[in-house]
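Trainee: I would like to learn how to read a protein model. Could you walk me through one, feature by feature?

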Amino acid sequence: MIRTASAAGAGTGKVVHGTGRRIRRATAAEGAGESGLAKLIELHAINSFGDMLITIALASTIFFSVPTGEARGRVALYLLITMAPFALLAPVIGPLLDRLPHGRRAAMAMSMLARAVLAWTMAGVITGGGIALYPEALGVLVASKAYGVVRSVVVPRLLPSRLSLVKANSRVTLAGLLATGVAAGVGGLLHLIGPGWPLRGAFLVFVIGTLMAFHLPHKVDSAKGEQRAVLHAEVHGEGSHLIHHKPPPVKASLRTVGPSVILALRAMSAMKWLVGFLVMFLAFLLREEPIGGLQPTLALGLVALAAGTGNALGSVLGSWLRTRGPETTVTAMLLLATCATAAAALWYGVVTVVLVAGVAGMAASLGKLALDALIQRDVPEAVRTSAFARSETLMQLCWVAGGAVGILLPLNGKLGLSVAAAVVGLVLLWTFHSLYRVGLRRHSAAPRVA
């Protein structure tokens, strides 16, 4: 028995070691190992793993442990206590982190450490599901989004010469999606032990992430060649330039980053709104009124699987498309999402609901990569990282708005999906008009950036 156990242990060790080497080889491909991008990819996988464990713990307490009517009230309370303050804090996160260019590794480490402490604290109060859980969940959300903003800023600093920014972001996103899938299984097993165990697992994961953040290359903290992007509504003069003196106080806006970036921001805002809406609306709808005679858990599982597959497919396609026609790509994704949502509203059923979940996931993933490509192309390098920070914040706010609408609407599949199709359809028409104007101006002067 001892010899058998030793042989099994040795075999398991070889499998784990071989898997680790293959993962490291994949993340370090095409110069990512030399530039330091591989370390960021691994850190993002750890971040996504920990966030998923916390999501499983909160969902099991707020959503699955009570009847649907009570669950809607709990989630509405969750939105009120966590999302409403976050909506006020989110616009501050980007500019605040933008002022700390020399402390990006420390900012990422602190976001990990904060979530580790909060996860351990939440593990002690999650069984009762009391109101004390919600402020801690708000802290987790803010720390997670702060990490996301810094990550989007750091990627250009670690970009290998052989990779485009779109492909690098695609690789980072795909690593996070794969880690999320693994964490879903691990979190489910931990939840069988007790509701607090996924949070204890998240504590350990985020402690590891804290240490990994400080192992990122030192150039992450370098601000050489960068300036803070102050996005004003009006800038005098034509052409792309930087303001080196203190500008007059004007109303802040995103209008000076160029028409193509504005087009993509508008389209991505609609797609993020749609994703937030579908997450909240379908979660309650399928639990209350399962489709096709399926069990609620199975129906929710199919929708979640479709959304995850769509996200992964979008990342893979983004790596292949690179920077080919980003304006057209983001518009095409919005068109695809609109058509899928309208089809689900007209022919409400298992196939169309699963389809709209998958299409929305793919459209949001690929659209975000196209937006990143436009920021890379149209925003000067000196202020590009600042533009990434602000776009990340805007996307999160739109997700929150969509989720709020999904909570408030009656649980009627055709009605809810019709409302969603109307919203994204209106933005689609606006985007088509903007795409036509951008096409006419393609050879005009460069966009104005302050």
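Trainee: Which residues in α11 meet residues in α12?
Mentor: This is a predicted model, so treat each answer as a reading of that prediction. On the α11 side, the residues are Pro326, Glu327, Thr329, Val330, Met333, Leu336, Ala337, Ala340, Thr341, Ala343 and Ala344. They meet Thr352, Val356, Val359, Met362, Ala363, Leu366, Gly367, Ala370, Ala373, Leu374 and Arg377 in α12. Sorted by class, the residues of this contact are 16 nonpolar, four polar and two charged.

Trainee: How do I describe the way two helices pack?
Mentor: Two packed helices are described by the angle between their axes and by the distance between those axes. Here, α11 covers residues 326–346 and α12 covers residues 350–378. Their axes are 8 Å apart, and the packing angle is about 165°. Because angles over 145 degrees count as roughly antiparallel, α11 is roughly antiparallel to α12. The crossing of α11 past α12 is left-handed.

Trainee: What is the arrangement of α7 and α8?
Mentor: Use the angle again. Helix α7 (residues 165–193) and helix α8 (residues 197–213) cross at roughly 130°, and their axes come within 7 Å. The two helices are therefore oblique to each other. From α7, the contact uses Gly187, Leu190, His191 and Ile193, while α8 brings Trp197, Pro198 and Gly201. By class, that contact of α7 with α8 has four nonpolar residues, three polar ones and no charged ones.

Trainee: Let's turn to single residues. Is Ser48 buried or exposed?
Mentor: Look at the relative accessible area, where under 20% means buried. Ser48 has 11% relative accessibility, so Ser48 counts as buried. This serine is found in helix α3, residues 37–62. Setting aside neighbours within four places in sequence, Ser48 is in contact with Gly176, Ala179 and Thr180.

Trainee: And Leu178, buried or exposed?
Mentor: The cut-off for exposed is over 50%. With 56% relative accessibility, Leu178 counts as exposed. Leu178 lies in helix α7. Leu178 and Ala45 are 133 residues apart along the chain, yet their C-alpha atoms are separated by 7.7 Å.

Trainee: What falls between those two cut-offs?
Mentor: Such a residue is called partly exposed. Pro259 is a case, since its relative accessibility is 37%. Pro259 belongs to helix α9, residues 259–288. From Pro259 to Ser434 there are 175 residues in sequence, but in space the distance is 7.7 Å, C-alpha to C-alpha.

Trainee: How many disulfides does a search of the whole structure find?
Mentor: The search finds zero disulfides. Cys398 is buried, because its relative accessible area is 15%. Cys339 has a relative accessible area of 47%, so Cys339 is partly exposed.

Trainee: Now the whole chain, please. How many helices and strands does the chain have?
Mentor: There are 14 helices and zero strands. The chain has 450 residues, and 52% of them count as buried.

Trainee: What share of contacts joins residues at least 24 apart?
Mentor: Take the contacts in the chain between residues at least 6 apart in sequence: 85% of those join residues at least 24 apart.

Note on methods:
Residues are numbered from 1 along each chain as its sequence is written. This is a predicted model: local features need pLDDT of at least 70, side-chain atom pairs count only at pLDDT 80 or more; totals for chains, interfaces and linings use all residues. Side-chain values use heavy atoms; hydrogens and water are left out. Axes are lines fitted to C-alpha atoms, for helices over the stretch in contact, and angles run from 0 to 180 degrees between N-to-C directions. Helices (H or I, at least four residues) and strands (E, at least two) are DSSP runs, numbered from the N terminus. Angles under 35 degrees count as roughly parallel, over 145 as roughly antiparallel, 65 to 115 as roughly perpendicular and the rest as oblique. A crossing is left-handed if the near helix is turned anticlockwise from the far one by less than a right angle, and right-handed if clockwise. Contact means heavy atoms within 4.5 Å. Ala, Val, Leu, Ile, Met, Phe, Trp, Tyr, Cys and Pro count as nonpolar, Asp, Glu, Lys and Arg as charged, and the others, Gly among them, as polar. Buried means under 20% relative accessible area, exposed over 50%, partly exposed in between (1.4 Å probe, protein chains only). A disulfide is a pair of cysteine sulfur atoms within 2.5 Å.
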